[in-house]
Amino acid sequence: MVGLVLLGVLVLVVGGCVCVVWSSRGGPRWVRGVATLTLAAGDMVRGAQRRRRRRGLNGNPSGEG
């Protein structure tokens, strides 16, 4: 069951990446919308990682990272 969920997430991620590339080459409107959502989700993940690092929650006890 967990493998099926992970496979679904993988399909969504790959599909989002395909839409980003396709929209950069002038794809249809719906592709540009999916690409915008994909890039926004990536920005949110990167922002969360930066906040975790600033708080020292990266799991590295030495503080390096």
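Residues count as buried under 20% relative accessible area, exposed over 50%, and partly exposed in between (1.4 Å probe, protein chains only). The model is predicted: local features need pLDDT of at least 70, side-chain atom pairs count only at pLDDT 80 or more, and totals for chains, interfaces and linings use all residues. Residues are numbered from 1 along each chain as its sequence is written, and side-chain values use heavy atoms, leaving out hydrogens and water.

**Exercise 1.** Classify the geometry of the pair formed by tryptophan 22 and tryptophan 30, then the exposure of tryptophan 22 and tryptophan 30.

Solution. Step 1: the structure holds one aromatic pair. Step 2: the ring centres of tryptophan 22 and tryptophan 30 are 5.7 Å apart and the planes stand at 90°, so the pair is edge-to-face (centres within 6.5 Å, using the six-membered ring of Trp; planes under 30 degrees apart are stacked, over 60 edge-to-face, the rest tilted). Step 3: tryptophan 22, at 40% relative accessibility, is partly exposed, while tryptophan 30, at 54%, is exposed.

**Exercise 2.** Locate methionine 1 relative to helix H1 and assign its exposure class.

Solution. Step 1: methionine 1 lies in the segment before helix H1 (2–24). Step 2: its relative accessibility is 80%, so methionine 1 counts as exposed.

Definitions and conventions: Helix = DSSP H or I, 4+ residues; strand = E, 2+ residues; numbered from the N terminus.
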